Amino acid sequence: MTTTGIDSTGVSVAEWEDLDRRHVIHPHQSGASPQRTVVVRGAGSTVWDAGGAELLDVSGGGNWAAQVGHGREELVTALAEQASQLAYFSGFFGFTNDKAVRLAVRLSELAPEGLSRVFFTCGGSEGVETAIKVARLYHHSRGDTDRTWIISRQLAYHGATYGSGTATGFAPMHVGIGPNLPHVEKVSAPYPYRADDFYGGQDTTEFLLTELAETIERLGADNIAAMIGEPVMGGGGILTPPPDYWPRVRELLSAHGILLIADEVVTAFGRTGTWFDSAARGMRPDMIVTAKGLTSGYAPLGAVLIRDDIGEAVAGEGAYFFHGHTYSAHPTACAVALANLDLIEQDGLLGRAKEIGEWFAELLAPLAELPVVGDIRVEGATAGIELVADKATREPIMAGAVTTELREAHGVILRDYGPTLVLSPPLVLRRDEAERAVSAIAEVLGRLGTDGKVTGA
């Protein structure tokens, strides 16, 4: 990487970093890590920092987004044109705008059949909060006032606000902020690679369905409003359930009148090669939570897609949906989303995601021979490489040192989730860029010790 150390404003990189450390609190900020990367420009799958260093983005803008790539003038134009006409007006009560209406119609056309009601949010956490509320309200409206419990899963990431954070299955997120949202119960995650550790060697689906059935019986089926789950667990490290898992979960929930919420904040809009991943996995959800890829990150927007009768029950005639956010149905964000969906379709990015997945499967396969690589999981344009200190015991190696070295030594950005390296690039990633990323990963993993340290770093 080359860098001048000074950006076009005359401010040095060190000054930007120091200002950031003094004034900005970051999501998931670690006080032990003073490192900052000040990103100032992007095009395609490449971004540049304040000092001019070129970085290959294999992380989707750092957070699973950027489906159409960075620097798309079509989205900039859509944003500017809408802002010049109507930048903002409330979506509360009876107010609306043409872009929100058009987007809701478009989403209902793309969604699985029956999900034609849409509530707009600013992102995934708000979407999960909304879905939890709607599930409880739906049952309440039918006289089932005891149905308040929500079932989530360990290793699930559903957001960081109060309700969504409670549903999130990572213990560190809950430290020091309790008491959490009541009536949230977590069951085990589908993790076939660690079936021996987690399920005593039992069949993954059989173990999980038995556990879920026992949980429903313990809580009381008439007390449970909904279960929430990601089709593929992103934050857990690309955990893909067995093919029979979701159909059997759906069947069990339906037998007890329990709703199913699909958290597709990561997987929707092409990430795994389809508009909605839940449909392909047999989830048949009653609600779908989306964000990220809806605008490719160009504007903060999410959407909760809701089954028709549920929407009617909570917000139809005779109901009062006492819930909302200032920027719900934001016209500028909705205009960007419409243009973004057009680009995904016009550029054939659903098919491109599948192609990227084929590249990853091919290019990453040789890494399985490295002593520190335990498992490689690919789902469309996303992949997880789980690191271990010993292939036999599967003792994990935390991957943080690897992502730091990839960025500093090779100019490649990807994410680490505990012991798993995760690739989730823009869907415009080229073959040569995929090869560059995998080559860099192989080089760094070749220097990774079982203590989690990279030699020569």
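I began with the lining of the second largest pocket, whose residues divide into 18 nonpolar, nine polar and one charged. I count Ala, Val, Leu, Ile, Met, Phe, Trp, Tyr, Cys and Pro as nonpolar, Asp, Glu, Lys and Arg as charged, and the others, Gly among them, as polar.

The model is predicted, so local features need pLDDT of at least 70 and side-chain atom pairs count only at pLDDT 80 or more, while totals for chains, interfaces and linings use all residues. Residues are numbered from 1 along each chain as its sequence is written, and side-chain values use heavy atoms, with hydrogens and water left out.

**Pocket.** I noted 28 lining residues, of which Gly91, Phe93, Val118, Phe119 and Phe321 lie nearest the centre of the second largest pocket. Helix H4 (98–110), strand E4 (117–121) and helix H11 (308–315) are the elements that give two or more residues to this lining. A pocket here is an open set of points on a 1 Å grid over the protein atoms alone, where a 1.4 Å probe fits, with protein on both sides within 12 Å along at least five of seven lines; lining residues have an atom within 4 Å of a point. Helices (H or I, at least four residues) and strands (E, at least two) are DSSP runs, numbered from the N terminus.

**Sheet.** I traced an open sheet of four strands in the order E1-E2-E3-E14, with mixed pairing. Strand E1 (39–43) and strand E14 (412–413) stand at the edges with a single partner strand each, so one side of each is left without a neighbour in the sheet. Strands E2 (residues 46–49) and E3 (residues 54–57) pair in the antiparallel sense over three bridges; pairing requires at least two bridges found by DSSP. Within this pair, valine 47 stands opposite leucine 55 in E3.

**Leucine 423.** I located leucine 423 in strand E16 (residues 420–423). At 0% relative accessibility, leucine 423 counts as buried (buried is under 20% relative accessible area, exposed over 50%, partly exposed in between, with a 1.4 Å probe and protein chains only).

**Backbone.** I found a cis peptide bond from glycine 178 to proline 179, with omega near 0°. Tryptophan 64, in helix H2 (residues 60–64), has a positive phi near 70° and is buried at 4% relative accessibility. Arginine 284 also has a positive phi, of about 50°, and is found in the loop between helix H10 (277–280) and strand E9 (287–290). Arginine 284 is exposed, with a relative accessible area of 55%.
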